Amino acid sequence: MPNTIQVCDKCKHMKMKTVMPKLKKIAPDATIKVGCKSYCGPCTRNAFIFINGRYVTGKDEDQAIEKAKKYVK
């Protein structure tokens, strides 16, 4: 079963130009969906990634990606 990753392109703590290559590096087989996740409260405070059914947050995109690594199948 491939990995499913979702990120918000409106999140002010993440830049799609830099986060996409990092996500593809940790999970090359992943289906990555970009768009609003209606997670605006926490999204304004932290970077977040929705990976395989789990929300993972960090103070910036690198910290969120580091935390998301343990949920990669």
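**Grounds for the descriptions**

Analyst: This is a predicted model. The structure holds two aromatic pairs.

User: Why is the pair of F48 and Y55 called tilted?

Analyst: The ring centres of F48 and Y55 are 5.6 Å apart, with 55° between the planes. Rings pair if their centres lie within 6.5 Å, and planes under 30 degrees apart count as stacked, over 60 as edge-to-face and the rest as tilted.

User: What makes F50 and Y55 a pair, and how are their planes set?

Analyst: Their centres lie 4.5 Å apart, and the angle between the planes is 50°, which is again tilted.

User: Are F48 and Y55 buried or partly exposed, and how do you know?

Analyst: Buried means under 20% relative accessible area, exposed over 50%, and partly exposed in between. F48 has a relative accessible area of 1%, so F48 is buried. Y55 has 38%, so Y55 counts as partly exposed.

User: How many disulfides are there, and on what rule does the count rest?

Analyst: The count is zero. The rule asks for a pair of cysteine sulfur atoms within 2.5 Å. As to accessibility, C8 is at 4% and therefore counts as buried, whereas C36, at 47%, counts as partly exposed.

User: What makes one face of helix α1 the buried one?

Analyst: The buried residues of α1, which spans residues 16-26, are M16, V19, M20, L23 and I26. Seen down the helix axis, these residues fall within an arc of 135°, so they line one face of α1. The face turned away from this buried side carries the exposed residues K17, P21 and K25.

User: What covers the buried residues of α1?

Analyst: The cover includes β1 (4-7), β2 (31-34), β3 (47-51) and α3 (61-68). L23 is one of the buried residues of α1. Leaving aside residues up to four places away in sequence, L23 touches I5, V7, I32, I49 and I65.

User: Which residues have the most contacts inside the largest nonpolar core?

Analyst: They are I5, V7, M14, V19, L23 and I49, in a core of 22 residues. At least two residues of this core come from each of β1, α1, β3 and α3. The element that gives the most is α1, with five residues. In soluble globular proteins, nonpolar side chains tend to be buried together.

User: Why is E61 called buried?

Analyst: E61 is at 8% relative accessibility, and the cut-off for buried is under 20%, so E61 counts as buried. The place of E61 is in helix α3. Its side chain is joined to that of T18 by a polar contact of 2.7 Å. Not counting residues up to four places away in sequence, E61 touches H13, M14, K15, T18, V19, K22 and A47.

User: How do you know that the buried residues of α3 share a side?

Analyst: The buried residues of α3 are E61, A64, I65 and A68. They cover an arc of only 100° around the axis, which puts them on the same side of α3. These residues pack against α1, β3 and β4 (54-58).

User: Which side chain reaches a backbone nitrogen at the start of α3?

Analyst: There, a side-chain oxygen of D60 comes to within 3.2 Å of the backbone nitrogen of D62.

Definitions and conventions. Residues are numbered from 1 along each chain as its sequence is written. This is a predicted model: local features need pLDDT of at least 70, side-chain atom pairs count only at pLDDT 80 or more; totals for chains, interfaces and linings use all residues. Side-chain values use heavy atoms; hydrogens and water are left out. Buried means under 20% relative accessible area, exposed over 50%, partly exposed in between (1.4 Å probe, protein chains only). Helices (H or I, at least four residues) and strands (E, at least two) are DSSP runs, numbered from the N terminus. The arc is that of the directions from the helix axis to the C-beta atoms. Contact means heavy atoms within 4.5 Å. A nonpolar core is a set of buried Ala, Val, Leu, Ile, Met, Phe, Trp, Tyr and Cys residues joined through side-chain atoms within 4.5 Å. A polar contact is a pair of N or O atoms within 3.5 Å; within protein, one must be able to donate a hydrogen and the other to accept it, and residues adjacent in sequence count only if both atoms are side-chain atoms. Rings of Phe, Tyr and Trp (its six-membered ring) pair if their centres lie within 6.5 Å; planes under 30 degrees apart count as stacked, over 60 as edge-to-face and the rest as tilted.
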